[in-house]
Amino acid sequence: MEAVVLDGITKTYAGGKVLAVDNVSLTVKPGELFGLIGPDGAGKTSIFRVLTTLLQADKGSATVQGLDVVKDYQRIRQILGYMPGKFSLYQDLTVEENLHFFATLFGTTIEANYGIIREIYEQLKPFKDRRAGKLSGGMKQKLALCCALIHKPEVLFLDEPTTGVDVVSRREFWDMLARLKSMGITILVSTPYMDEASLCERIALIQAGRIMQIDAPEQIVRSYPVRLYAAKADDIYGLLKDMRENPAVESCYAFGEYLHLTMKSETADAIMALEGFARERGHTGITVKEIAPGIEDTFIRLMNQKTQ
Amino acid sequence: MKKLGFLLQKEFRQILRDRIILAMIFAMPTIQLIILPLAANFEVKDIKVVVVDHDHSTLTQRMLGKLGAGGYFRITGAVSSYAEALRYVERNEADVVMEIPADFERNLVREGRQQVSLSIDAINGARASIGGAYLNYIITEFSQGTDLDVARAAHPAAAGTPVINVTYNTWYNPREQYKYYMVPGIFVLLLTLIGGFMSALNIVKEKEIGTIEQINVTPIRKWEFISGKLIPFWIMGLIIFTIGLLVAYVVYGIVSVGPLWLLYLFAAVYLVALLGFGLLISTYSASQVQAMFLAFFFMMIFMLMSGLFTATESMPAWARTISALTPVTHFVKVIRMVMLKGSGFADVRWEFCYEIAFAVVLNAWAVFNYRKTS
């Protein structure tokens, strides 16, 4: 049995005028760490809200641990843990009171499931009598995760858990997810950060409510169909404009301190040709090299194909 | 049931942690009961009169002396022309212009009747009509008491006119003090604020902060969540009601003539109705600001049309209908009847049925709407 199944889910808002999720189907295997990768407004939160029984889809069906999200919503609520993108615990209750409150709502106690949250909660313990509203961002996020885990859920839904969190805390957070996965919890996580995609076992690239590709991150990178080149010059913006005018270049976009380029036709001397073109246009400090594509390159390529 | 206990525990913890709310629970009934009955007083006092006396006789002097002695009127000026007197009114230094014609005394003695002109500033309608009536009464009394001998002697026919002398007794509030009228009304105000505003704002706050999402993914049932929200305010309302009764006794010495249990029974049912109203508001609003405006809009109408400040009986028919359709009106009526007249359950049984109906309809509507929107 699959842990999560979405079958042709469509969701519109404003009486059908705004299409948020467009015929999305995907499955998450038991014990898997699955990532929904896409920019803001891609429909990630709507998919989460359908799966957590907060929202009814217009079309299609969905199950969590074999339970239908519409018919068996009461039973699903017993076995899912949900951490919304926005911090939504009681700011005027203390850390311990929040945790205790959510434990009691599920008819359990902190002690009974302490094992599952121990490593995260140990870091919060010095602040257990502090009100949740007075915690730092990283601490709030840890508390929210504890509250989502306190009833030992079978499936954990994390909606953009690392948005607005510093780099160190983000890395820590992904380490925590890896440990939770090792306890056998199925995790569905969404993120707008492409660099986090490689930390998932499988990912779905999602854009404008549609799934563009589902696979393991390495597979997605490997399926990149053409060679990718990186180019740099002293005047990077001028180079970007010039390269876009080059008839041999298929696509060119800025990526950190480099430009990433693909060619319309594969030739052995592509690097030489690009360098020559740049020199012709009077650029200095030119570097051109072939590089391995990342998730973001794949995403941009798929996105461009969709729009063309 | 056990989960409801935990929800209540959490709600009370949050309410009691909020210092402002806690302070308001005690401050609101005390301060409102002390200030409002004194301030919201409809007695007309200190009416400023400017006199245009064209006669300057001993009789007019006596009449003006009597006018000033009553305590209701203060003569702020004596001028020689009406136009001058009007300027007093324009500057807000006089409410009434009293013009006494020339040869007032002589003509009164000769003809037995004379006219005095009163011009009243009617910006404040109640003040104008009540003040005018007082003034009329005093002048009539003066003319009857002082000059009857002279006038009747001159005109014996007038003595034969039968006079119907009306005397009256004021019951339930023998000294016609406004505090007896206002204090029961303020109890209504207190319970309405707690029931209508606090519950609506509290539930919308959960929506606004997003905590309701987190609650909704737990196995908690809707009725548990709603009860967990309403019960604390129901209890708080009854506590405030009790504090109010104590303040009324300590400060004004007002003790309910009717049975206390009847007051509490009505307060309990009324609170359920108002909490249902608050819940209904919260289902229609997405933010606390929206809820505030919605609640305030309805509360103002409820308050002004309830008969708390003005008698419903003197409203036009359409207004009386609207007034009867708010739970506040019936509660105001009952609480005055029970506290001041000592009415028993049999006297107010219809109002009781109304309140029950309001409680059922408002709550059912709110719960229905709550289901639909979330």
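Two residues are in contact if their C-beta atoms, placed from the backbone, lie within 7 Å. With that in hand, welcome to a predicted model, shown here in a set of close-up views.

Figure 1. Ten helices and 14 strands make up the secondary structure of chain A. Its C-alpha trace spans about 70 × 45 × 35 Å along the principal axes. Of the 308 residues in this chain, 42% count as buried. Take the contacts in chain A with a separation of 6 or more: 69% of them are accounted for by residues 24 or more positions apart.

**Figure 2. Strand β9 of chain A and its two partners.** Start with strand β9 of chain A, residues 202-207. To one partner, strand β3 (residues 33-37) of chain A, it is joined by four bridges, and the two run parallel. Here you can pick out A:Phe34, whose bridge partner in β9(A) is A:Arg202. The other partner shown is strand β10 (residues 210-215) of chain A, which pairs with β9(A) in the antiparallel sense over five bridges. In this pairing A:Ile203 stands opposite A:Asp215 of β10(A). β9(A) and β10(A) form a hairpin with two residues between the strands, and in this hairpin A:Ala208 takes a positive phi near 50 degrees. A general point to keep in mind while viewing strands: in a regular strand, side chains alternate between the two faces of the sheet.

**Figure 3. Two residues of chain A with positive phi.** Which strand holds A:Asn23? A:Asn23 is found in strand β2 (residues 18-28) of chain A. Although A:Asn23 is not a glycine, it has a positive phi of about 50 degrees. A:Asn23 counts as partly exposed because it has 15 C-beta neighbours inside 10 Å. Now turn to A:Lys152, which sits in the loop between α5 and β7 (155-159) of chain A. A:Lys152 is not a glycine either, yet it has a positive phi of about 55 degrees. With 16 other C-beta atoms within 10 Å, A:Lys152 is partly exposed.

**Figure 4. The largest nonpolar core and a second, separate one.** Which residues touch the most other members of the largest nonpolar core? They are A:Cys146 and A:Ile187, in a core of 77 residues. Helix α5 (residues 137-149) of chain A gives the largest share of this core, seven residues. Leaving aside neighbours within four places in sequence, A:Cys146 is in contact with A:Leu99, A:Ile117, A:Ile120, A:Tyr121 and A:Leu124. There is also a second, separate core of 56 residues, which includes B:Val188, B:Phe197, B:Met198 and B:Ala200. As a general rule, nonpolar side chains in soluble globular proteins tend to be buried together.

**Figure 5. Where chain B meets chain A.** 16 residues of chain B are in contact with 20 residues of chain A. On the chain B side, α1 (2-17) and α9 (211-216) each supply at least two of the residues that touch chain A. The largest share of that side, six residues, comes from α1(B). Sorted by class, the side of chain B that touches chain A has five nonpolar, six polar and five charged residues.

Figure 6. Chain B contains 15 helices and four strands. Its C-alpha trace spans about 95 × 45 × 40 Å along the principal axes. The radius of gyration of chain B is 29 Å, while a compact globule of 374 residues would have one near 21 Å. Of the 374 residues of chain B, 32% count as buried. Chain B is divided into domain 1 (11-40 + 177-373) and domain 2 (47-159), and 49 Å separate the centres of these domains, taken over C-alpha atoms. A residue to look for is B:Gln144, in helix α6 (residues 125-154) of chain B. Is B:Gln144 buried or exposed? B:Gln144 counts as exposed, because it has 11 C-beta neighbours inside 10 Å. B:Gln144 and B:Tyr264 lie 120 residues apart along the chain, and their C-alpha atoms are separated by 52 Å.

Methods
Residues are numbered from 1 along each chain as its sequence is written. Chains are lettered from A and ligands numbered from 1 in the order in which they are written. This is a predicted model: local features need pLDDT of at least 70, side-chain atom pairs count only at pLDDT 80 or more; totals for chains, interfaces and linings use all residues. Two strands pair if DSSP finds at least two bridges between them. Ala, Val, Leu, Ile, Met, Phe, Trp, Tyr, Cys and Pro count as nonpolar, Asp, Glu, Lys and Arg as charged, and the others, Gly among them, as polar. The radius of gyration is taken over C-alpha atoms; the globule rule is 2.2 Å times the number of residues to the power 0.38. A residue is buried if 20 or more other C-beta atoms lie within 10 Å of its own, exposed if 12 or fewer, and partly exposed in between; C-beta atoms are placed from the backbone. A nonpolar core is a set of buried Ala, Val, Leu, Ile, Met, Phe, Trp, Tyr and Cys residues joined through C-beta atoms within 7 Å. Domain bounds come from an automatic or database domain assignment.
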